[in-house]
Amino acid sequence: MARRRRVLSDAAVHELSICQALVRQLRGISTQHGGGEVALVKLRIGPLSGIESAQLEQAFPLAAAGTPAARAVLEIITAPVRIHCVDCGTETATAPNRLLCGCCGSLRTRLLSGDEMLLESVELELAMPAAAIA
Amino acid sequence: MCDTCGCNVTDGNRHLVEAGGRLARTEDGRAAVTVLQDLLTENDHQAAHNRMHFDARGILALNLMSSPGGGKTALLEATIDALDDAGRIVVIEGDLETENDAERIRAKGVQAVQIATGSACHLDAHMVHEALHRLELDGVEIVFIENVGNLVCPASFDLGQHANVTLLSVPEGDDKPAKYPVMFRAADVVLLTKADLLPVLDDFDPARAEAALRAVGSTAPLLHVASRKNPALQGWLDWLEDSLAAQRARLAEGSTGCAPVRSAHDAHHHHEHPHVDRHRHVHHHATDEAT
């Protein structure tokens, strides 16, 4: 009981509401494609999205319980923080709290990657055996 | 962002979908569905709807974010006094519990709705929408949304606001932007609150705070503000009037339901950080939208 309470409180940040929204998306996708169980969920998350992958992994089973995604495996790809310098044109991989050009130091940079919070793809168990469809 | 017409399939990802038709099969016979949808699609839809509400009524909506105790409510009280027209303003207050902040605003004669979020650490677009329906918006020019005191979660949720106002109070220390890059990157203006404490808390160096803000790629203005005994609000009031004028100009051009100031949720939309004319920020985006 104590352990359950701890897990819930650890997950009781915005990652839980994000998981609830994700599960609603997954339900819709499953329904659209014949109601099969969700087997695999691939997410792409950047550090500048404000979402913590570890928290997301913890919250997901709570949000998914009792839905077609209850047994899904969550695969999270971490997107690197990459910027493009408007002044000198250099592309730099950098830290989330240092978005200055790695070459000339300019702050006129464009974020190429790092703020994603994207549901990339889903794999569904086919509701009927493949042979029955064919 | 739609599953019906396939407009979320681009040249960059088409091969993924077409490899084996719309329902490509994996090796173990599962159906593979390419989605490429933002995790906050639902929230962002509602936020766009809220923004249309605001625009239809010519209202400027501002999202105030800071740590708990950063001075958001005190700033609002002082701003209400300075603007001296209670009818122009309404306030939506977000806290985990209590009506305390809404009562402080109502004591100034301004309409306020308190959202008690329970355990949620942020406001979302749906909560703001509900609150909007509990407010009388005739004659209102500015909706202040005072988010839950938190430098983490609120940055991820678009509420339908036109600009984000992030407060950094002097007692918190000058390295906050380096510690909370997501929040400070989302700011359209950063207010250094409790600036009257600078002589006492002399380990806070405003130049260091500004350097940390610039290092997260922000060109947002950093304005000193004091809300208590001898209020010093001029820079903030100027920013506010400029933003109101920009919002009016944008609506006069017929642009409504514009993209949020922070567009980070759209992973395919690459945005420029620099905003050359800082004080025309809202307008600047509106121009982008119109072109």
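pLDDT is the predictor's confidence in each residue, from 0 to 100. This is a predicted model, in which local features need pLDDT of at least 70, side-chain atom pairs count only at pLDDT 80 or more, and totals for chains, interfaces and linings use all residues. Residues are numbered from 1 along each chain as its sequence is written, while chains are lettered from A and ligands numbered from 1 in the order in which they are written.

**Confidence in chain A**
- The average pLDDT of chain A is 86, and 84% of the residues score at least 70.
- Residues 1–12 of chain A have pLDDT below 50, with 8 contacts beyond near neighbours in sequence; two residues are in contact if their C-beta atoms, placed from the backbone, lie within 7 Å.
- Residues 130–134 of chain A also stay under 50, and the model gives them 2 contacts beyond four places in sequence.

**Where the chains meet**
- In chain B, 43 residues contact 43 residues of chain A.
- E2(B) gives the largest share of chain B's side, 8 residues; strands (E, at least two residues) and helices (H or I, at least four) are DSSP runs, numbered from the N terminus.
- Strand E6 (residues 117–124) of chain A runs antiparallel to E2(B), joined by 6 bridges (strands pair if DSSP finds at least two bridges between them).
- Leu119(A) stands opposite Gln37(B) in E2(B).

**Helix H5 of chain B**
- Ala125(B), Met127(B), Val128(B), Ala131(B) and Leu132(B) are the buried residues of H5 (residues 125–132), buried meaning 20 or more other C-beta atoms within 10 Å of a residue's own.
- They lie on the same side of H5(B) because they cover an arc of only 160° around the axis.

Notes. A residue is buried if 20 or more other C-beta atoms lie within 10 Å of its own, exposed if 12 or fewer, and partly exposed in between; C-beta atoms are placed from the backbone. The arc is that of the directions from the helix axis to the C-beta atoms.
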